[in-house]
Amino acid sequence: MHRSIGILAACLLSIALAGCTSDPVRAPNYEGESVTIGIIGTPPTMRERNVNFEQIDFDQLEKVDSSSGYDAVFITEEHLSEAADSKYALTYKTAGVPFFFIESKKSHLPFISEQRTYEEFPDLNTDSYVSGYFGDRRNSKYWSYGLQNDEPNRSDIEDVYSRVIETITHIESEVRS
């Protein structure tokens, strides 16, 4: 009986302490060299000051590659359906530049598919705020970034973008080596 009470007390204490955690750990601000991101849509608000956005259109998207001067490309939610057009799939798969799809609930899959439209893909990752994809002629990688509390608020969204910038700079260092 005493052992059951001890186990119950330990469980209750664990539950109580879990509710007393501090603020979630945030990604540090990126403070390295300047990063240039091509964007289709409205640039997001970020904590980082050394990130530059250049507006591009879908004609320019087809020409993006590792020599285009972009460290990455962002495509915002209102342009995802058009961005998933099959004519861009080869660009995403071979450009040698990471692409990030803002608020895509369908992951990166609609963008590299040449057979199905964006609308034909089911929502796969409802806890993802940004999906990323990198492809070159040798390999590919993909990422998903969620919000800390699954609720969009400025602090959590800025944290996601800090993690995305960290990924971009990591890819650049891998490609250079």
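1. A residue is called buried when its relative accessible area is under 20%, exposed when it is over 50%, and partly exposed in between (1.4 Å probe, protein chains only). By that rule, 42% of the 177 residues of the protein chain are buried. This is a predicted model, in which local features need pLDDT of at least 70, side-chain atom pairs count only at pLDDT 80 or more, and totals for chains, interfaces and linings use all residues. Residues are numbered from 1 along each chain as its sequence is written, and side-chain values use heavy atoms, with hydrogens and water left out.

2. The protein chain has six helices and six strands, where helices (H or I, at least four residues) and strands (E, at least two) are DSSP runs numbered from the N terminus. Read from that end, the order is α-β-β-α-β-α-α-β-α-β-β-α. Two residues are in contact when heavy atoms lie within 4.5 Å. Among contacts in the protein chain with a separation of 6 or more, 57% are between residues 24 or more positions apart.

3. Isoleucine 102 belongs to strand 4 (residues 99-102). Its relative accessibility is 5%, so isoleucine 102 counts as buried. Beyond its neighbours within four places in sequence, isoleucine 102 has contacts that include Phe74, Leu80, Tyr129 and Tyr161. Its C-alpha atom is 9.3 Å from that of histidine 79, which is 23 residues away along the chain.

4. The loop between strand 4 and helix 5 (109-112) contains glutamate 103, and serine 107 lies in that loop as well. Glutamate 103 is not a glycine, yet its phi is positive, about 65°. Serine 107 also has a positive phi, near 65°. How accessible is glutamate 103? Its relative accessible area is 26%, so glutamate 103 is partly exposed. Serine 107 is at 13% and therefore counts as buried.

5. Side chains of opposite charge can pair when their charged atoms come close. A salt bridge here is a side-chain nitrogen of Lys or Arg within 4 Å of a carboxyl oxygen of Asp or Glu. The whole structure holds six of them. In one, lysine 93 pairs with glutamate 114, with the closest N and O atoms 3.1 Å apart. Lysine 93 is in helix 4 (residues 89-94) and glutamate 114 in the loop between helix 5 and strand 5 (128-135), 21 residues apart.

6. Aspartate 123 and lysine 106 form another salt bridge, at 3.3 Å from N to O. Aspartate 123 sits in the loop between helix 5 and strand 5 and lysine 106 in the loop between strand 4 and helix 5, so the pair ties together parts 17 residues apart in sequence. Lysine 106 is buried, at 10%, whereas aspartate 123 is partly exposed, at 49%.

7. Within helix 6, arginine 163 and aspartate 159 are four residues apart, about one turn of the helix. They form a salt bridge whose closest N and O atoms are 3.2 Å apart. Aspartate 159 is buried, with a relative accessible area of 1%, while arginine 163 is partly exposed at 24%. Threonine 167 is also in helix 6 (residues 154-176). Threonine 167 counts as buried at 14%, and touches Phe100, Trp143 and Tyr145, apart from residues up to four places away in sequence.
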